[in-house]
Amino acid sequence: MSNKKSRREFLSHAALGAGAAALSSLLPGLGVSTAGATGIVDPLAPKPPHFAPKAKSVIWLHMAGAPSSLDLFDYKPDLIKLHGQPLPDSFGKNLKTATDGGVGALLATKRSWKQHGETGAWVSDWLPNLATQVDNIAFLKGTKTEGSTHVISSLKLHTSGLTPGRPALGAWIQYGLGSANPDLPAFVVLPTGKGSAGGGRQATIWSSGFLPASYQGTAFRQGDSPILHLARPQVVTADEQRNTLELLKSLNEHQAAHYPQDTELQARARSYDLAFRMQKTAPEAVDLSKESEATKKLYGVDEHATQEFGTALLRARRLVERNVRFIHAISGTPEDSDVDSWDAHNDIEKNHTVMTRSVDKPIAGLLADLKARGLLDTTLVVWTSEFGRTPYGQTGDGRDHNPWGYTTWIAGGGIKPGTYGATDEIGLRAVSGIVDTYDLQATLLHQLGLDHNKLTFQHLGRSERATTVFGEVIKDIVA
Amino acid sequence: MLKQKLLCGWLLALSGSLAFATIDLDLSDFDDDLMRNMDDAVKALDSNIANKDAQASATDAQFVADGLKWAEGYFTGKQSAPDAVRWAAQGRELAVAIAAATERGDFDTAFASYRSLVKTCRSCHDVYKSPEL
């Protein structure tokens, strides 16, 4: 008995070495107490979808802080005519509009607008590169959500919950489908810039929540070593590490033979193997040295303003090529900028000039590159934010939070391009084709071959779903 | 069970997500506690239907039906919220249908009605539930 105890202590301590610490989160059941977690032998094993999928991967572009649809995609001539006037009662009826800045006068966009492509989608001059890609995009102009604070609305966008503790969509997808590449995490997070950890929400928006910890997102760092503590320490030679892991493996196999029901031990043994493999596969997956100069230029990797987000999206494409299921790229503020994320309560002209410049070329490059490589058909690219911004002004030159009507878009993955839904004449709230974040999630799951009504997990005696009790597939955009 | 629901309701209330307000209708006398408990019952109902627990499903559905009957009367008294009266009545009928379906073990029908019930709840909340959290 004492022998068994010391062995467990040994394993526990050994887990901190040999790069396995980076993967402790991949172990099932650690720190998790769920009825549904028991019995999952290999949580990352591939699982069949509910029906034939249209898409294999998702690249989730999170514009943390909330851009203004009214200055990017949602052209409102009436708002320009009404500039400087108070919000008409007819638009504000039954809306509790005040958040933290009150309701200022209506604020017209200063952008110039054009319709683009065969679909005739409106895009402002802040996104000239993305405008060339509109024929690949389904614009959901009637998007709405709940809440008017970043924390709550960001949680809802990513986890369908208003409080922390629920799994992110990427975690549900891993739970539903498993991993398609045993050598890489199936849910990767690519934060960029300052305040990029989800606009201050940090890991709660890529959490596995009540699902086993192995499903949580793995945040990749910039640079050659994307996963913290994964690289072999310099003081340990490759032979020493290999010998250590071989010994651990033989001990684990010996013990497992006596306790075949011990799934945690089996999972821990697998995690050592995965960590060892990932020491090679993860750096290679994000190594851009083999990309052509033309490709790097396409993403803006060669320009200061677009270098960081462009690098993240080129990495995202490489991860898609390696069958990573869900890549969560977060747009943060460029390091040398004094603007504060997309959250333009003040001086929206300055804020959005900086923020759009940092993402426009990389996103357009990503869409063009995916299409050229034949990957767009099976990859869902999603532009999201926790909410939009109001047509009425704040502080004279900024806009407040708007959860009632804004634009989300999806490209690729079997989604029909076009413009769906609309906000009212001034862009305050969605009036047609209304889509909630639950519906967005249900639709993405559907394209991946998962029925959001059937993807369930038992937690504390309850059958939980990714979209909680809500969610409808947006049938108009499903090809 | 009811005590558990009340506790869950209060926990949900901590998120502040269920305060009701509109610009031109005074809802200060609305029974927010009841609505919180109904919110919890609706979530539990989803799980109980999925788990094919007939007794628990029927109990939850009846709780929701009773609550919506109260809401129907409340909004009828306000005289200026006919849409809320209509939604409450629709929701009540759906909740009764769910209770009946689960009692006879027809969980597919119960779930279809449940999806409609949730849509009805959202339609009403879009107008009468405050977005201020």
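Visitor: Which backbone oxygen lies 2.6 Å from a polar atom of the side chain of Thr311(A)?
Guide: The backbone oxygen of Gln307(A) is the one at 2.6 Å from that side-chain atom of Thr311(A). A polar contact here is a pair of N or O atoms within 3.5 Å; within protein, one must be able to donate a hydrogen and the other to accept it, and residues adjacent in sequence count only if both atoms are side-chain atoms.

Visitor: And what sort of model is this?
Guide: This is a predicted model, in which local features need pLDDT of at least 70 and side-chain atom pairs count only at pLDDT 80 or more, while totals for chains, interfaces and linings use all residues; side-chain values use heavy atoms, with hydrogens and water left out. Residues are numbered from 1 along each chain as its sequence is written, and chains are lettered from A and ligands numbered from 1 in the order in which they are written.

Visitor: Back to Thr311(A): is this residue buried or exposed?
Guide: Thr311(A) has a relative accessible area of 8%, so it is buried. Buried means under 20% relative accessible area, exposed over 50%, and partly exposed in between (1.4 Å probe, protein chains only).

Visitor: Where is Thr311(A) placed, and what does it touch?
Guide: Thr311(A) sits in helix H9 (residues 307–321) of chain A. Helices (H or I, at least four residues) and strands (E, at least two) are DSSP runs, numbered from the N terminus. Not counting residues up to four places away in sequence, Thr311(A) touches Gln222(A), Leu288(A), Val301(A) and Thr306(A), contact meaning heavy atoms within 4.5 Å.

Visitor: How many helices and strands are there in chain A?
Guide: Chain A has 11 helices and 17 strands. Of its 479 residues, 58% count as buried.

Visitor: What about helix H4 of chain A?
Guide: In helix H4 (residues 150–159) of chain A, nine of the 10 residues are buried, so the helix is largely enclosed by the rest of the structure. Among the buried residues are His150(A), Lys156(A) and His158(A). Ser160(A), which follows H4(A), has a positive phi near 65°.

Visitor: Changing topic, how many aromatic pairs are there over all chains?
Guide: The rings of Phe, Tyr and Trp (its six-membered ring) pair if their centres lie within 6.5 Å; planes under 30 degrees apart count as stacked, over 60 as edge-to-face and the rest as tilted. By this rule there are 21 aromatic pairs over all chains. One of them is the edge-to-face pair of Trp342(A) and Trp383(A), at 6.1 Å centre to centre and 75° between the planes.

Visitor: Where do those two residues lie?
Guide: Trp342(A) is in the loop between strand S7 (326–330) and helix H10 (348–372) of chain A, and Trp383(A) is in strand S8 (residues 379–384) of chain A, 41 residues apart. Both Trp342(A) and Trp383(A) are buried. Together with Phe73(A), Phe139(A) and Trp409(A), they form one aromatic cluster.

Visitor: Now to the two chains together. Which residue of chain B has its side chain joined to that of Gln458(A)?
Guide: That residue is Asn51(B), through a polar contact of 2.6 Å between the side chains. Gln458(A) lies in strand S16 (residues 456–459) of chain A and is partly exposed, with a relative accessible area of 29%.

Visitor: What does the side chain of Arg115(B) reach?
Guide: The side chain of Arg115(B) reaches the backbone oxygen of Val469(A) at 3.0 Å. Arg115(B) is in helix H5 of chain B and counts as buried at 10% relative accessibility. Leaving aside neighbours within four places in sequence, its contacts include His452(A), Arg465(A) and Phe470(A).

Visitor: Where in chain B is confidence lowest?
Guide: Confidence in chain B is lowest in helix H1 (residues 2–14), at a mean of 35, and highest in helix H4 (residues 82–103), at 96. The score is pLDDT, the predictor's confidence in each residue, from 0 to 100. Over residues 1–23 of chain B, pLDDT stays under 50. Where pLDDT is low, the predicted coordinates should not be read in detail.

Visitor: And what ipTM does the predictor give the complex?
Guide: The complex has an ipTM of 0.70 and a pTM of 0.85 from the predictor.
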